[in-house]
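Please look at the strands and side chains while reading its points in order.

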Amino acid sequence: MTPIPSPVTQVRVYPYIPDASIIVPPVFTGGAGTYSVGTLTTNIFYNLDLNSGEAIHSGPHAGNHYYAVCKDSSGNDFTTPWMTCLKGGPQPQFGRTIHLLHAAHGPATDTNSNQTVSNPDIVHQIHLSDISVNAYVSATEPLMIPLIEGGQGIATFAGLLPGATWSVSVTGGERVNPLHVGMSVTISGSNVSTGKPLHIPAVLVTKEIGDPAIFGQIRPSREG
């Protein structure tokens, strides 16, 4: 899929600190530019190019990892995955490439992070609003423990449905109960494009508790 750059405004760029429990201030605010996601053979790439905005707190630096909170052309907020800064300064650029291998050759790798993605054939992102994150409780228990309500974010699935591997980033919303790394959760929201409700068909584990909060799908163990 050839990427089509989409205009973004009110961009705030934050340092990406994996597994950090602290929220750090942005290093770039008031940004405007374009964001694109595309695929080429077995590669998936993300790009954020900003042509205006203000660098603060020393600004972004080439080679470091950042994520951004942006507003799209419809006025909806969304959070990008983390990317590497390719160029700093008043017009910074960010990018990230994930190399995918088909199932017969093993898992995909992210050359920026050495993380694996479970044999995806496709990667698709769904922008969500009114996100609810609840602690996972056995279906036999008449109990729901809310953790986040009214959030915004992006649900990403890698692979073919059914059976894709899900991950979700959630920004904003109300933290109703404490969120902890390692907590099992369920997530639902409204598909921004269609306005229809979407329940993520997976149990996810909390990877990061900042803003955005990051959740990844729990995969059953293959041992034994």
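1. Glycine 153 has valine 170, in E12, as its bridge partner. Two strands are said to pair if DSSP finds at least two bridges between them. E11 and E12 run antiparallel and are joined by seven bridges.

2. This is a predicted model, in which local features need pLDDT of at least 70 and side-chain atom pairs count only at pLDDT 80 or more, while totals for chains, interfaces and linings use all residues. Residues are numbered from 1 along each chain as its sequence is written, and side-chain values use heavy atoms, with hydrogens and water left out.

3. E12 also pairs with E17: the two strands run antiparallel, with four bridges between them. Serine 169 stands opposite isoleucine 214 of E17. Is E12 mostly covered or uncovered? The strand is mostly covered, since six of its seven residues are buried. Buried means under 20% relative accessible area, exposed means over 50%, and partly exposed lies in between (1.4 Å probe, protein chains only).

4. The protein chain as a whole has zero helices and 17 strands. Of its 224 residues, 40% are buried. The chain exposes about 11400 Å², and carbon and sulfur atoms supply 55% of that area; accessible areas come from the Shrake-Rupley method with a 1.4 Å probe, and for residues only the protein chains shown count as cover.

5. A nonpolar core is a set of buried Ala, Val, Leu, Ile, Met, Phe, Trp, Tyr and Cys residues joined through side-chain atoms within 4.5 Å. The largest such core has 21 residues, of which Val133, Ile148, Trp166, Ile187, Ile200, Leu204 and Phe215 touch the most other members. Strands E10 (123-135), E11 (145-158), E12 (165-171), E14 (184-191) and E17 (213-217) each supply at least two residues of this core. E10 gives the most, with five residues. Apart from this core lies another, of 19 residues, including Val11, Val27, Tyr35 and Ile44.

6. What is leucine 204 in contact with, once its neighbours within four places in sequence are left aside? Among its partners are Trp166, Val168, Ile187, Phe215 and Ile218. Contact means heavy atoms within 4.5 Å. Among contacts in the protein chain between residues at least 6 apart in sequence, 58% join residues at least 24 apart.

7. Rings of Phe, Tyr and Trp (its six-membered ring) pair if their centres lie within 6.5 Å; planes under 30 degrees apart count as stacked, over 60 as edge-to-face and the rest as tilted. The count by this rule is four aromatic pairs. One of them, tyrosine 35 with phenylalanine 78, is tilted, at 5.5 Å centre to centre with 40 degrees between the planes. Tyrosine 35 belongs to strand E2 (residues 28-40) and phenylalanine 78 to strand E5 (residues 77-79), so the pair links distant parts of the chain, 43 residues apart. Tyrosine 35 counts as buried because its relative accessibility is 7%; phenylalanine 78 counts as buried at 3%.

8. Tyrosine 66 and phenylalanine 94 form an edge-to-face pair, 5.8 Å centre to centre and with 70 degrees between the planes. Phenylalanine 94 counts as buried because its relative accessibility is 1%, and tyrosine 66 is buried at 4%.
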